[in-house]
Amino acid sequence: MATNTTPTTLGSLEFSQIKSSLTEYLRDQSVFSGYNFDGSAMQTIIDLLAYNTFYYAYYANIINAEAFLDSAQKEDSIISICKPLGFTVPASTSPKAQIKAAGITDLGTLGYKIAANTQFFATNSDGIQYSFYTIDDISINYDGNTDNFFVHEATNYIEFDALPTFDFDNQRIVIANSDFDLATLKVTITENDTEVFTWTPVGNVGYVSQTTERIYFVERTSNGFIIVFGSKNSLGRTLTADTTNSIIIRYLTTSGSDANNLSVFTQNTLSGNVILTTTSQSAGGRSKPDLDSIRFLAPKWFASQERAITINDYKALLIDAAFFEDETQFNVFGGQDLVPPRYGRVFVTSNLTLSDTRISEFIDFLKERSVITVLPEYVVSNALTVFADFTFKTVSAFTNKSNALNQVKSKFSSTYEAIREYNVSFSASDFILDIQSDLNNGLIISPDDFTIYVEQALVSGKEYIFNLENELYLPVNQSVDITEPFACAVSGFPTNSLGILRIYSVSLGSKNTKQPLQLWAKNNTSGALSQVSGDFGYAIANRGTILINNDVISTSATLHVEFKKKSFSMGLNNLVTFVANNVNIL
């Protein structure tokens with residue numbers, strides 16, 4: 001008679017574990033008492049049962065993982081998950097560059113424009129040539145020059161009439177091609193023999209009044225895209241067979257990331273001695289969608305419904321519209337975080353070299369999606385260098401100090417160092433826990449052993465305002481230098497002297513308000529210090545805010561400001577380089 005025991009442990013799902021569980025189960029059965037399972041025919045049956053169990057456990061795990069956006073790995077799964085969120089997963093993304101032309105002649109023949117579908121060329125360092133196209137008509141000025149305009153890389157410029165295969169019943173066109181940049185899609189429809197209209201893509205269902213508007217939706221499928229028209233589907237105008245004469249679809253297929261970083265362009269159809277100048281090299285090309293980026297964007301897209309309300313809304317919209325590739329290229333912050341605050345403003349900053357045209361494009365894009373009382377603006381990034389100096393000891397005198405020093409420096413560099421990044425944070429306490437864990441508590445170090453400070457080169461003729469967002473080191477009733485000695489441009493400044501700017505507060509409360517900067521003159525011969533009267537700027541010590549007037553520095557100076565705490569967090573338009581400067585072991 002068989003013994004009734006549990007055959008498996010549910011938490012053991014590796015093949016060897018399943019096999020061992022099944023074998024032990026059979027050994028416990030009285031009918032198999034004394035039976036040798038190893039090397040027997042029964043072992044083959046156990047292998048088969050274990051494999052079948054393992055296969056279905058693995059299959060169930062994959063099916064479950066592909067059902068959620070965070071864990072899905074297959075592009076088709078992410079496409080399906082994003083549909084209920086109203087987010088269209090792109091396919092390839094075409095690199096685009098910004099150029100301008102000069103010296104064009106025969107303007108009348110050209111109609112004072114460079115036509116859409118005009119081809120340009122660029123060659124990479126390996127001698128491979130890529131084609132770039134205009135997707136819109138580009139105006140030519142009367143002097144034969146153009147303003148900056150974009151060209152998009154393409155392996156082919158596709159144009160066809162979809163009318164013969166158009167599904168009037170379902171108001172849709174199927175494009176069985178996922179190798180093109182959705183941002184380059186253009187839909188132009190001729191109605192009543194002569195009326196030509198360019199239709200507009202939309203991302204959200206609107207209102208009943210939209211039933212007369214020429215709009216369409218785009219839906220991603222596993223093998224292409226579907227363009228959807230009609231009030232039945234999108235509350236837009238419906239196409240009818242008796243009034244529709246043509247449905248022209250245009251788009252670019254692309255080489256993706258292979259055509260990035262090209263900067264020298266040529267053209268052979270424009271008349272005249274045409275000179276092309278590159279404003280920004282080709283960038284943004286992707287051969288397939290960035291799934292990590294989609295995981296970030298899709299939930300935020302759904303939450304905002306293409307409206308810019310929160311900081312993440314602005315970031316998601318700018319990335320989705322391909323103005324930036326990811327969050328490392330830009331930052332967004334509210335005016336309420338500035339000192340003084342600028343309410344009703346949201347600011348965008350970037351570490352890329354952007355033309356005025358490009359900046360105007362994405363600011364206008366954000367204005368259309370911002371709430372009425374909020375105005376987006378662009379600000380230049382403020383490059384700062386933050387240093388950490390610290391000293392530590394080893395527990396034992398026999399510890400290899402050189403190795404310990406190298407390990408500590410390596411840990412700091414790999415985990416905490418930042419090179420021109422936004423939103424940088426550091427905590428000396430966290431760093432100490434990390435290195436003590438790595439070195440088995442072989443170090444003696446505390447947060448008091450750290451000094452964190454900012455150094456910044458300053459030039460003449462410029463007003464500086466630093467929103468460092470961290471309390472400055474400033475004991476009450478004690479002035480603290482915030483610059484190295486510098487040549488001073490202040491009228492009446494003592495001769496044979498260098499200037500030093502200082503901050504000062506007479507009480508704890510005054511550290512929360514604007515306090516005037518002090519200017520001191522240091523005699524080059526005697527080293528004697530004397531205070532100079534005047535308005536040189538101000539500081540708010542508890543907010544880490546410093547303003548230096550533009551008529552203080554003669555040639556150059558160096559800002560040197562220490563933070564009070566042994567940790568910091570910096571956002572806004574601060575583009576931070578954070579490194580360990582002086583690290584010593586005793």
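How many helices and strands does the secondary structure of the protein chain come to? After that, please take me through strand 6: which residues of strand 6 are buried, and on which side does each lie?

Reply: Happy to. One thing to keep in mind is that this is a predicted model. The protein chain has nine helices and 34 strands. It contains 586 residues, and 43% of them count as buried. Its accessible surface comes to about 29600 Å², with 49% belonging to carbon and sulfur atoms. If we take contacts between residues at least 6 apart in sequence, 70% of them join residues at least 24 apart.

Strand 6 covers residues 149-153. Five of its five residues are buried, so strand 6 is largely enclosed by the rest of the structure. Both of its faces are covered: one side carries Phe-149, Val-151 and Glu-153, while Phe-150 and His-152 are on the other.

Next come the strands that pair with it. Strand 1 (residues 96-102) is antiparallel to strand 6, and four bridges connect the two. Within that pairing, Ile-99 is opposite Phe-149. Strand 4 (residues 129-133) also runs antiparallel to strand 6, joined to it by two bridges. Here Tyr-133 has His-152 as its bridge partner.

The structure holds 32 aromatic pairs. One of them is formed by Phe-120 and Phe-149, a tilted pair with 6.0 Å between ring centres and 55° between the planes. This pair ties together distant parts of the chain, since Phe-120 belongs to strand 3 (residues 119-123) and Phe-149 to strand 6, 29 residues apart. Phe-120 counts as buried because its relative accessibility is 0%. Phe-149, at 4% relative accessibility, counts as buried too.

For a pair with another geometry, look at Phe-390 and Phe-450: their ring centres are 4.6 Å apart and their planes meet at 20°, so this pair is stacked. It also links distant parts of the chain, with Phe-390 in strand 19 (residues 382-394) and Phe-450 in strand 23 (residues 450-459), 60 residues apart. Phe-390 has a relative accessible area of 1% and is therefore buried; Phe-450 is buried as well, with 0%. Both rings belong to one aromatic cluster, whose members include Phe-412, Tyr-416 and Phe-578.

Elsewhere, the charged end of Arg-502 sits over the ring of Trp-520, 4.8 Å from the ring centre.

Seven of its 10 residues are buried, so helix 6 is largely enclosed by the rest of the structure. Among those buried residues are Asp-313, Tyr-314 and Lys-315. Just after helix 6, Ala-322 takes a positive phi of about 65°.

In helix 1 (residues 15-27), the 13 residues should span 18 Å at 1.5 Å a residue, and the end C-alpha atoms are 18 Å apart, which agrees. The buried residues of helix 1 are Ile-18, Ser-21, Leu-22, Thr-23 and Leu-26. An α-helix has 3.6 residues a turn, so residues three or four places apart point the same way.

How values were computed
Residues numbered from 1 in each chain as written. Predicted model: local features only at pLDDT ≥ 70, side-chain atom pairs only at ≥ 80, totals over all residues. Heavy atoms only, no water. Expected span 1.5 Å × (residues − 1). Buried < 20%, exposed > 50% of the residue type's maximum accessible area, 1.4 Å probe, protein only. Phe/Tyr/Trp six-rings, centres within 6.5 Å; stacked < 30°, edge-to-face > 60°. Lys NZ or Arg CZ within 6 Å of the ring centre and 35° of its normal. Contact = heavy atoms within 4.5 Å. Areas by Shrake-Rupley, 256 points an atom, 1.4 Å probe, with all protein chains shown as cover. Pairing = 2+ DSSP bridges.
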